[in-house]
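Visitor: I have not looked at this structure before, and I would like to learn how to read it feature by feature. Could you take me through it slowly?

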Amino acid sequence: MKIKKHIRIIVILLVCTLVTTVIFAFNAKLKIQYYSLKSDKLTAPVRIALITDLHSCFYGEGQKELIDAVNAQNPDIVLLGGDICDDKLPHKNTELLLSAIADRYPCYYVTGNHEYWSYEIDKIIKLFQSYDIPVLEGSFDTIDINGQKLNICGISDPDCMKYTDNNYSIEEQLADVGNAGENGYYTILLAHRPELIKTYLNYDFNLILSGHAHGGQWRLPGIINGLYAPDQGLFPRYAGGQYSFEDSHMIVSRGLARESTRIPRIFNRPELVIIDLL
């Protein structure tokens, strides 16, 4: 009888462990991911909210969950790093987000591949412009936040040349923004694809912000940072997180895509990235 009782207890514990693991594994609740960077070029703190790979996914009635999360963090600027719209889902949820943040924060946007795949890129760009959100396509702005000046640079997704008549290559765009830091201010590059980091590092960007990899979709925290990412394949090097180089840093958001993906996220919650520049 004691042996049967012990076996029953072990089975119960195993079932509870399995259920708990599954619950955590498939948890798709929005999380806030924080990063902090210091630089001698900064004289005042700046808080950045990075939003990538939303894919027009649903975050509550009126996008309330996501909008409330952004407002709760009180960022100084919001950077939209591509695939904010999707090629399958309608753009309604994206517009709800833009309508809530565009008048409250300085915002900048660069395109992602899915926005070109939609064959509605002109419509999408006009959507962002209708909310006075600059679309960075090989261009930059020098802005003043809290008395701190920053260069905000951006390039289009490389698919711009495949899906449009645009012949303005990514290399040309990078060359046009690569000298932005000559004014001495902290310089940020907003570029959708992290796998092109070697190309970005040919220029003097202090911080590079990307998405696209979706966190590798499946993770085993502490063991595997990501199983698979587009354009990087299995066990991607730049699935998500902070990467440091000799004179620069790159932060890759795991993105906000949920129902737009065919394969569920595992141990890979969608994230709003908050970066504190100190």
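**Reading helices, a hairpin and pockets**

Guide: Let us start at the end of a helix: α5 is followed by Asp 132, whose phi is positive, near 55 degrees. Please keep in mind throughout that this is a predicted model.

Visitor: Which residues of helix α5 are buried?

Guide: The general idea first: an α-helix has 3.6 residues a turn, so residues three or four places apart point the same way. In helix α5, which covers residues 121–130, the buried residues are Ile 121, Ile 124, Ile 125, Leu 127 and Phe 128. Viewed down the axis of α5, these buried residues fall within an arc of 150 degrees, so they line one face of the helix.

Visitor: What lies on the other side of α5, and what covers its buried residues?

Guide: On the other side of α5, Asp 122, Lys 123, Lys 126 and Ser 130 are exposed, while the cover over the buried residues includes β3 (77–80), α3, β4 (107–109) and α4.

Visitor: Where is Leu 96 found, and why does it count as partly exposed?

Guide: Leu 96 belongs to helix α3, residues 92–101. Buried means under 20% relative accessible area and exposed means over 50%, so Leu 96, at 27% relative accessibility, counts as partly exposed. If we leave aside its neighbours within four places in sequence, Leu 96 is in contact with Gly 62, Gln 63 and Ile 67. As for Lys 123, it is 27 residues from Leu 96 along the chain, and the C-alpha atoms of the two are separated by 16 Å.

Visitor: Which residues of helix α7 are buried, and what do they pack against?

Guide: Helix α7 spans residues 170–177, and its buried residues are Ile 170, Gln 173, Leu 174 and Val 177. Seen down the axis of α7, they fall within an arc of 100 degrees, so they line one face of the helix. These buried residues pack against β5 (139–145), β6 (148–154), α6 (160–163), β7 (186–190) and α8 (197–200).

Visitor: How do strands β11 and β12 run, and how many bridges join them?

Guide: Strand β11 (residues 241–244) and strand β12 (residues 249–252) run antiparallel, with four bridges joining them. A hairpin of four residues leads from β11 to β12, and Ser 244 stands opposite His 249 in β12.

Visitor: How should I read the pockets, and what is the volume of the space in the largest pocket?

Guide: Rolling a probe the size of a water molecule over the atoms shows where empty space is left. Here the largest pocket holds about 650 Å³ of space, and its lining is made up of 26 residues, with His 114, His 214, Pro 230, Thr 261 and Arg 262 nearest its centre. The elements that give two or more residues to this lining are α4 (113–117) and β9 (228–229), and the largest share, three residues, comes from α4. Sorted by class, the lining has eight nonpolar, nine polar and nine charged residues.

Visitor: What is the volume of the second largest pocket, and which residues lie nearest its centre?

Guide: The second largest pocket has a volume of about 190 Å³. Of the 12 residues that line it, Lys 31, Arg 219, Phe 267, Asn 268 and Arg 269 lie nearest the centre. Strand β1, residues 31–37, gives the largest share of this lining, three residues, and by class the lining divides into four nonpolar, three polar and five charged residues.

Terms used
Residues are numbered from 1 along each chain as its sequence is written. This is a predicted model: local features need pLDDT of at least 70, side-chain atom pairs count only at pLDDT 80 or more; totals for chains, interfaces and linings use all residues. Side-chain values use heavy atoms; hydrogens and water are left out. On a 1 Å grid over the protein atoms alone, a cavity is a set of points where a 1.4 Å probe fits but cannot get out, and a pocket is an open set with protein on both sides within 12 Å along at least five of seven lines; lining residues have an atom within 4 Å of a point. Grid points are joined across faces, edges and corners, and a volume is the space filled by probe spheres set on the points. Ala, Val, Leu, Ile, Met, Phe, Trp, Tyr, Cys and Pro count as nonpolar, Asp, Glu, Lys and Arg as charged, and the others, Gly among them, as polar. Buried means under 20% relative accessible area, exposed over 50%, partly exposed in between (1.4 Å probe, protein chains only). The arc is that of the directions from the helix axis to the C-beta atoms. Contact means heavy atoms within 4.5 Å. Two strands pair if DSSP finds at least two bridges between them.
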